[in-house]
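Visitor: I'm new to this one. Could you show it to me and walk me through it?

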Amino acid sequence: PPLLEMRGITKEFPGVKALSNVNLVVGSGEIHAICGENGAGKSTLMKVLSGVYPYGSYSGSILYQGAETKFSDIRASENAGIVIIHQELALVPGMSITENIFLGNEPRRFGRIDWQAANRQALELMARVGLSEDPDTLIKDIGVGKQQLVEIAKAFAKDVKLLILDEPTAALNENDSQHLLDLLRGFRSRGITSIMISHKLNEIEAVADSITILRDGKSIETIDVKGEGADEDRIVRGMVGRDLNSR
Ligand code: ADP
Ligand code: MG
Ligand code: MG
């Protein structure tokens, strides 16, 4: 079976139907892009998946690794290996890279936090994302591209199987964006599945194995692009509901 199947997901906020009967199927080991215009429901769908909106607050079902899941909170989804990196990074600016990577989850020895072990493990995790910084550096003293990498290193500290990135390159420069896309490819070659929210067609084309298009809270279509490259016109038509050239 696929790694993930979300079926008929409907999510309402007071006065807003953010998701209406949305379906999403993600295969094991792929990079799956979710695209759609601002307000299409992309972030809400991923918050449903990652337990930000717990079971009971949406309707529809989530099958993960072949079994129905009912996450009660974010920790429950993380324990299942699903880690989301939100658009707004969840780092503490005045704390170090190591402190952020292990926040609330520090290695301990004889009941006390073992900072030597924490720094050593942090360096290993940082190496996996290509971050060569002193682990004692404070988050506020590194750029947003490196902050993003700290978040990914933090995901690896939690033994991630499904990594969700919500518009990860939105605030990044060209170099940092390329580094991130290279990382995703590397993770794929090691069997880690990624979902990347993006509306940048060039980067979707560069890394996605399949693409699901959302529009006005509905899933419009999923395009399998393996080996073919994305058809940009088709994606744009799905996102906006018409040909951009016609009116
Ligand atoms: P996207 O990520 O595709 O830009 P969102 O999932 O953030 O879209 O939002 C989808 C719709 O749900 C929008 O109309 C948005 O205003 C609404 N929405 C999202 N989060 C909330 C919330 N917490 N409360 C009320 N409305 C929300
Ligand atoms: Mg948005
Ligand atoms: Mg969003």
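**A first tour**

Visitor: Which element gives the most to the shell around ligand 1?

Guide: First, this is a predicted model, where local features need pLDDT of at least 70, side-chain atom pairs count only at pLDDT 80 or more, and totals for chains, interfaces and linings use all residues. Residues are numbered from 1 along each chain as its sequence is written, while chains are lettered from A and ligands numbered from 1 in the order in which they are written. Residues around ligand 1 include Phe 13, Gly 39, Lys 42 and Thr 44 (near means a C-beta atom, placed from the backbone, within 6 Å). With 3 residues, the top giver is H1, a DSSP run (helices are H or I, at least four residues; strands are E, at least two; both numbered from the N terminus).

Visitor: Which strands are the edges of the open sheet?

Guide: The open sheet has 4 strands with antiparallel pairing, in the order E2-E1-E4-E5 (strands pair if DSSP finds at least two bridges between them). E1 (residues 4-13) and E2 share 7 bridges, and Glu 5 has Val 25 in E2 as its bridge partner. Pairing on one side only, the edge strands are E2 and E5.

Visitor: How far apart do the C-alpha centres of domain 1 and domain 2 lie?

Guide: Domain 1 covers 4-89 + 155-240 and domain 2 covers 93-143, with bounds from an automatic or database domain assignment. Their contact takes 4 residues from domain 1 and 7 residues from domain 2 (C-beta atoms, placed from the backbone, within 7 Å). As for the C-alpha centres, the distance between them is 27 Å.

Technical notes:
Two residues are in contact if their C-beta atoms, placed from the backbone, lie within 7 Å.
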